[in-house]
Amino acid sequence: MTDTTQTQPTPSGGADETFSAIKPRSPEFRLAADALRGMRQDLFHDAFAYRPLPRLGSERPLLRRLSGRARAYAAWTPHATVALGGVLALTAATSSFGGSTLTGLLCGLLAVIPVALTLIRPVGAFWLSLASTLVVGVLSRPWGDRPWAQCSAISHVVVLTVVAARTRPRTAAWMWAATAFYGFFAEALFGTGPFGSSDTAPMLVLSALILLVVTVWHIRRTAEEVVSAQQTETAHERSRRTLLEERTTIARELHDVVAHHMSVVAIQAEAAPYRVENPPPELERAFAVIRENAVAALTELRRVLGVVRAEDYEAPDAPQPTLADLDALLANVREAGPEVAKVVTGAVRELPQGVELSAYRIVQEALSNTLRHAPGADARVEIGYVLGGLGLRIVNGPVPDPSSVKPSPGAGHGVTGMRERVAMLNGGMTAGPTAEGGYEVTVFLPVAAADAGIESEA
């Protein structure tokens, strides 16, 4: 048995020619198709999905002004508003149908159910509202308004408002179009009133105004949320950028300190063999290896610093400041107006240059914040040399004239830089307002006893 395969002949132009023969859709057709697709997505897809109405969040301005039980009750304001609309529809039904209590009660229930359904299934409540409006129109035909009964009109307006507030603005347009279609359909089905009057046009005008207001509110709220999210992201990015800039500044400053130590190690390793008569070859090789490693580390340090250094950065000619230069800093601050006191406790000793530099920069930044945010306030700088390290306390008093405080043009991240320096040295820091109305910065920089002794010998 032999299997044979038959192949269909293809056009000479190939598949591209076949598909090119299909006439492309016109822009109008695509616009209509997109509109129908949007209507199906907004009004038909998962129309009866369970979406409970949430309570008001605590970030709302209304709830921020309340406290305790009043705030808990106010969080249910949307639900209470919907319930009030249902009560109005029920009242209108029981008082509009010519004394027929049973018919009025039945029409009232048909008007209330869609309103209640907006709390859990908003889009489904809209379709149920149209269906119940049709049923109420049949029940109230002898004496009710045409084609909208009073209770159905109230119920449908409440449903439109709630659903438009809980969905996208495009859904409001589709609901209004469906309402208009029902109005003309019901008018053709039930006819007009006894004097040829119809309430379809007033209903459409009223619903259009309400939906327009809700849509504008919805768009504004969405825009505010987008702007708030962008502001939060911008503030976060600004904080990160400031943090990276501060770390880069610290790296530049510490480069001089570390480079000095590495240079001393290299020079001492090179000179050490000449201080001993007839040093053994092993000792000479050991010192040569130490010098080579020190030079290599210094080269790598400069290469890494070149990556983080800005193009317009110029290395300072003077050495990095230490606590010995603090008196000159305080004198410059006193020339700006405020009185700055300095108190030193403990046995003054020389500390590692990294600690000295960080302590100086912390005091400098704290006093700069005092001049910027508390002009005219006196300040006090306390330096404590303790066994385990160095303690700093910079505190300023209240502002003499609050009206003299102007918005700071800076990024407001001076405290962030201080925290970075403290964290680099595994220290601790607290910063915050004082009971007298001033501001206080307290820092502790740990220094091991062995490090202090080595630094003193150097």
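## Overview of the chain

A residue is called buried here when its relative accessible area is under 20%, exposed when that area is over 50%, and partly exposed in between, with a 1.4 Å probe and protein chains only. By this criterion, 33% of the 458 residues of the chain count as buried. The model is a predicted one, in which local features need pLDDT of at least 70 and side-chain atom pairs count only at pLDDT 80 or more, while totals for chains, interfaces and linings use all residues. Residues are numbered from 1 along each chain as its sequence is written, and side-chain values use heavy atoms, with hydrogens and water left out.

The chain holds 15 helices and 5 strands, these being DSSP runs numbered from the N terminus (H or I and at least four residues for helices, E and at least two for strands). Taking contact to mean heavy atoms within 4.5 Å, 73% of the contacts between residues at least 6 apart in sequence join residues at least 24 apart.

## Helices α12 and α13

Helix α12 (residues 326-335) and helix α13 (residues 353-373) have axes that come within 11 Å and cross at roughly 5°, where axes are lines fitted to C-alpha atoms over the stretch in contact and angles run from 0 to 180 degrees between N-to-C directions. That angle makes α12 roughly parallel to α13, since angles under 35 degrees count as roughly parallel, over 145 as roughly antiparallel, 65 to 115 as roughly perpendicular and the rest as oblique. On the α12 side the contact is made by L326, L329, L330 and V333, and on the α13 side by Y360, V363, Q364, L367 and L371.

Helix α13 also contains N369, which counts as buried because its relative accessibility is 16%. Not counting residues up to four places away in sequence, N369 touches A374, G414, V415 and M418.

## The loop at T167

T167 is found in the loop between α8 (150-166) and α9 (169-190), and its relative accessibility of 10% means that T167 counts as buried. A polar atom of the T167 side chain lies 2.6 Å from the backbone oxygen of V163. Leaving aside neighbours within four places in sequence, T167 is in contact with R51, V123 and H218.

Strand β4 (residues 428-433) and strand β5 (residues 439-446) run antiparallel and are joined by 6 bridges, whereas at least two DSSP bridges are required for two strands to pair. A431 has V441 of β5 as its bridge partner. The hairpin has 5 residues between the strands, and G437 takes a positive phi near 105° in this hairpin.

Definitions and conventions:
Polar contact = N/O pair within 3.5 Å; in protein donor to acceptor, adjacent residues only side chain to side chain.
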